[in-house]
Structure formats: C-alpha cells, structure tokens
Amino acid sequence: MPERPVRIPRTPRSPQANEYTETAEPDLPPRRAGAPTAEAVSPWISNRGAISRSVRLFFAFLIIPGALWGFFFLLERTSPDPALRADLIGPAVMGGIWLAITVLGFVLTLRRTPRAFHLTARGDLVYLTVFGSQRIQRLGDGARRVIREHYSPNPLNPSDVDLVEIIVPGLPRCLWLVESQWVEEILPR
C-alpha cells in the first residue's frame, strides 16, 4: 500500500505571537515588532562594563543629594522654631534641586550608554538604548570616532571604559560610553 502524505494541522497564531521577535543574543531583551531592522553583519556586542559604570554613577547622582535633602528636611521639621517647621518652600526648592541633579545625572550617565550594539550589512550601527529600544546610528563615508575620555577600573567601573565621540558628516555628533575592548567594533579605523 502506498504511503500517503500526513497533514499536520497548525494552530492559528495569536496576535501576541507577532508582538515580539527574538534578538540574536538570548540575554538581550526582545525587540518590539516594527522597530528598525537591519541585517546583522556582527552579533550583538554587550556593553555590560559601561552600563555597570553608568548605573553606579547614576545612583551616586540620585542617592547623595537625596540623603542631603532628607537630612535637611528632618532638621527643618525638628526645629524648635514653629515658623521654620511650617515653611514648605525650603523643602520644595531643595526637592527641585534634587530632581534637577537626578535628571542631569541620567543625561550624563545612562542616556549615553548603549546596552548592546552590532554592525549592519549597510555599515550602520544598531544599538539598544538603556530602555531597550533599538536605534540606528548612520555611518557613512567620512565617519570617524574620537576617544574623548578613558576611565580606568575603579570602584565605579569594573572594567576600562571610554567616552567615544562618533562624528559623521551631516549628522549630529554623539557621545557613547563603551567598554574599551569594543571601541574598534564600533567604528574600525
């Protein structure tokens, strides 16, 4: 008796199945469907040392002014002067200063540290922001990188980290904190 083909029924895919697609490296977060896609030439390169440094430095921007605010708030609330205890302008102003220092700390640390990156077939650089969204840094003729700062290992950063400026003619300059071992991977000379 001839063998007949077996048909395997497939279950319909749910709408949630199309919401996320997997990245090339399992420990990186999944990217949302509709995010910029490009064919990867290199695998995802994780920037863990620079992220670790940025997180530690950001917490210094967050905790040290916060502790000072809490100390002065407690000092003001326990004051024997009733007019000083009733005043809310001082704590509000100090809270505003704390918020400004925290935002500045985020901009100087976490905002400019990509979590991971890889080169595309077109020669562009796709990177993951600290929040997990993918962005594309266009590279072209005349693109160059300049190492602006080098940070040696210390209690804030476990590995060598460089502040790299990527200069592409016609595009705004960008500054990234990257592990020193990955500088050549970003933009080879």
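**Entry 1. Elements**

I took helices (H or I, at least four residues) and strands (E, at least two) as DSSP runs, numbered from the N terminus. On that basis I found four helices and nine strands in the protein. I worked on a predicted model, in which local features need pLDDT of at least 70, side-chain atom pairs count only at pLDDT 80 or more, and totals for chains, interfaces and linings use all residues. Residues are numbered from 1 along each chain as its sequence is written, and side-chain values use heavy atoms, with hydrogens and water left out.

I then read the order of the elements from the N terminus on: β-β-β-α-α-α-β-β-β-β-β-β-α.

**Entry 2. Burial**

I called a residue buried under 20% relative accessible area, exposed over 50% and partly exposed in between, with a 1.4 Å probe and protein chains only. Of the 189 residues in the protein, 35% are buried.

**Entry 3. The open sheet**

I counted two strands as paired if DSSP finds at least two bridges between them. I noted that strands of a sheet pair through backbone hydrogen bonds, either parallel or antiparallel. Here four strands form an open sheet in the order S3-S4-S5-S6, with antiparallel pairing. Strand S3 (45–46) and strand S6 (134–137) stand at the edges with a single partner strand each, so one side of each is left without a neighbour in the sheet.

I next followed strand S5. Strand S4 (residues 116–119) is joined to S5 by four bridges, and the two run antiparallel. Within this pair, Ala116 stands opposite Leu128 in S5. S4 and S5 form a hairpin with five residues between them, and Gly123 in the turn has a positive phi of about 95°.

On to the next pair: strand S5 (residues 125–128) is joined to S6 by four bridges, again antiparallel.

**Entry 4. Salt bridges**

I looked at Arg138 and Asp124, whose side chains meet in a salt bridge (2.8 Å, N to O). Arg138 lies in the loop between S6 and strand S7 (144–151) and Asp124 in the loop between S4 and S5, so the pair ties together parts that are 14 residues apart in sequence. Arg138 is partly exposed at 38% relative accessibility, whereas Asp124 is buried at 4%. Arg122, Asp124 and Arg138 are linked in a network of salt bridges.

I also looked at Arg145 and Glu184, which meet in a salt bridge (2.5 Å, N to O). Arg145 lies in strand S7 and Glu184 in helix H4 (residues 183–186), so the pair ties together parts that are 39 residues apart in sequence. Arg145 is buried at 7% relative accessibility, and Glu184 is partly exposed at 44%.

The side chains of Glu165 and Arg173 meet in a further salt bridge (3.3 Å, N to O). Glu165 is buried at 8% relative accessibility, while Arg173 is exposed with a relative accessible area of 52%.

**Entry 5. The largest pocket**

I defined a pocket on a 1 Å grid over the protein atoms alone, as an open set of points where a 1.4 Å probe fits, with protein on both sides within 12 Å along at least five of seven lines; lining residues have an atom within 4 Å of a point. Grid points are joined across faces, edges and corners, and the volume is the space filled by probe spheres set on the points.

The largest pocket has a volume of about 500 Å³. The lining of this pocket comprises 22 residues, of which Arg111, Arg112, Tyr127, Cys174 and Trp176 lie nearest its centre. Helix H3 (89–108), S5, S6 and strand S9 (174–179) each supply at least two residues of the lining.

Definitions and conventions. Salt bridge = Lys/Arg side-chain N within 4 Å of Asp/Glu carboxyl O.
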